[in-house]
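Thanks, everyone, for making the time this morning. Please take a moment with the sequence and the structure before I start talking through them.

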Amino acid sequence: MKILVTGGAGYIGSHIVLELCDEGYDVLVLDDLSLGNESSVDKRAEFIKGSTLDEQILKKLMPEVDGIIHLASFKSAGESMINPSVYTQNNIEGTLRLIDVMSSYNKKNIIFSSTAAVYGNPQYLPVDENHQTNPINYYGFTKLMIENTLGWYKDLKGFNFIALRYFNAAGYDKENRILNLENKPQNLIPIIMECAAGIRRSMQIFGDDYNTPDGTCLRDYIHVTDLAKAHINALRRINDNNTIFINLGTGFTHSVYDVIRTVEKITSKKINYSVTNRREGDPAKLYSSSSFAKKSLGWVAKNSDLENIIKTTWSIYKTRV
Ligand SMILES: NC(=O)c1ccc[n+]([C@@H]2O[C@H](COP(=O)([O-])OP(=O)(O)OC[C@H]3O[C@@H](n4cnc5c(N)ncnc54)[C@H](O)[C@@H]3O)[C@@H](O)[C@H]2O)c1
């Protein structure tokens, strides 16, 4: 069975490619390398440099493909509010082109990388799949728009799709098979790791006066290997055609100070930080219910304890010290 992984040279995509290859799938990676690294793509997979915006490449690849895992997109919430047109083009137009070519070649199976950002500010916790979708940044809107489009294609063209709504992806392959650092990291853990490795001098904490035990925000971190395994389960179930939107999180949280303390313990490095104002749109607490993922995918996170996330990440970042 041949799986096309768009964005497969990126951080999460390269881990999914590893898992697919380990499970014996034939894997084709399409990535324009705008943020990814070709050297992150496992040698068992075939790599094509190209964009989802390039209809000719999509038409060339599509006939041989049995299923698609679609990660290719930009993911910076902040940048999407400043340059929405870049996100319109890459995330929306790129995906519409992919869907269109899929449809014209009668290919129907797609797993879509969605995000907790489709929910916006949590109205209750843990956030489950019935929570209203009301993104508060343009990035989240682009993902919601694609989810809605896929819903229409399910009804109109018989698409089978599963939108996996990731919470905070973190960690690295425990066998150190992915060696590239995240490009332009926006998330807490790679930023702290860059401090530990001396790549950046210090970091900012956006507010420590939230209504949480230590005043900093609480988030749900999911190990990238757990994410990758969920995609395999989703591929196996995609033809059931009854599960559509699934959260991928652990249901547990860690504060910013928890993460800094754990990094300091594991790396024996002091992290320099300053506390600044809160950022707009950052809820105090955000975590997922994992019960639907368990029920629908038979999936539970087994690698996502914070120490394991930090240890596997440090084993890559420490090579840059
Ligand atoms: N990292 C997270 O915590 C997180 C959380 C929720 C959702 N997601 C989603 O997961 C997916 C992967 O995220 P990531 O953290 O691995 O990001 P990443 O930037 O490391 O990977 C994205 C990859 O897609 C490629 N790409 C971008 N636009 C492309 C295009 N038009 N055509 C071909 N390739 C293109 C980039 O070169 C990169 O290799 C994204 O869709 C992101 O929105 C990530």
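This is a predicted model: local features need pLDDT of at least 70, side-chain atom pairs count only at pLDDT 80 or more; totals for chains, interfaces and linings use all residues.

In the case of S73, an N or O atom of the side chain is 2.9 Å from an oxygen atom of the ligand. With N90, on the other hand, the ligand contributes a nitrogen atom, and that atom is 2.7 Å from an N or O atom in the N90 side chain.

The peptide bond joining L125 and P126 is cis, with omega at about -10°, and P126 lies in the loop that runs between strand 5, residues 109-115, and helix 5, residues 138-157. The other residue is N106, whose phi is near 60°, a positive value in a residue other than glycine; N106 is found in the loop between helix 4, residues 84-104, and strand 5.

That brings me to the helices. Two packed helices are described by the angle between their axes and the distance between the axes, and I will take each pair in that way.

How do helix 1 and helix 7 cross, and at roughly what angle? The axes of helix 1, residues 11-22, and helix 7, residues 224-237, come within 9 Å of each other and cross at roughly 55°, which means that helix 1 is oblique to helix 7. On the helix 1 side, the contact is made by Y11, I12, H15, I16, E19 and L20, while helix 7 brings V224, T225, L227, A228, K229, H231, I232 and L235. Sorted by class, this contact of helix 1 with helix 7 has nine nonpolar, three polar and two charged residues. The crossing of helix 1 past helix 7 is right-handed.

The next two pairs share helix 10, and I start with helix 8. The axes of helix 8, residues 256-267, and helix 10, residues 306-317, come within 10 Å and cross at roughly 55°, so helix 8 is oblique to helix 10. Here D258, V259, T262, V263, K265, I266 and T267 of helix 8 make the contact with L306, E307, I310, K311 and W314 of helix 10, and the residues of that contact divide into six nonpolar, two polar and four charged. Helix 8 passes helix 10 in a right-handed crossing.

Finally, helix 6, residues 188-196, has an axis that comes within 10 Å of the axis of helix 10, and the two cross at roughly 50°, so helix 6 is oblique to helix 10. From helix 6, the residues I189, P190, M193, E194 and A196 meet L306, I309, I310, T313, W314 and Y317 in helix 10. By class, the contact of helix 6 with helix 10 has nine nonpolar residues, one polar and one charged. Helix 6, too, passes helix 10 in a right-handed crossing.

Technical notes:
Residues are numbered from 1 along each chain as its sequence is written. Side-chain values use heavy atoms; hydrogens and water are left out. Axes are lines fitted to C-alpha atoms, for helices over the stretch in contact, and angles run from 0 to 180 degrees between N-to-C directions. Helices (H or I, at least four residues) and strands (E, at least two) are DSSP runs, numbered from the N terminus. Angles under 35 degrees count as roughly parallel, over 145 as roughly antiparallel, 65 to 115 as roughly perpendicular and the rest as oblique. A crossing is left-handed if the near helix is turned anticlockwise from the far one by less than a right angle, and right-handed if clockwise. Contact means heavy atoms within 4.5 Å. Ala, Val, Leu, Ile, Met, Phe, Trp, Tyr, Cys and Pro count as nonpolar, Asp, Glu, Lys and Arg as charged, and the others, Gly among them, as polar. A polar contact is a pair of N or O atoms within 3.5 Å; within protein, one must be able to donate a hydrogen and the other to accept it, and residues adjacent in sequence count only if both atoms are side-chain atoms.
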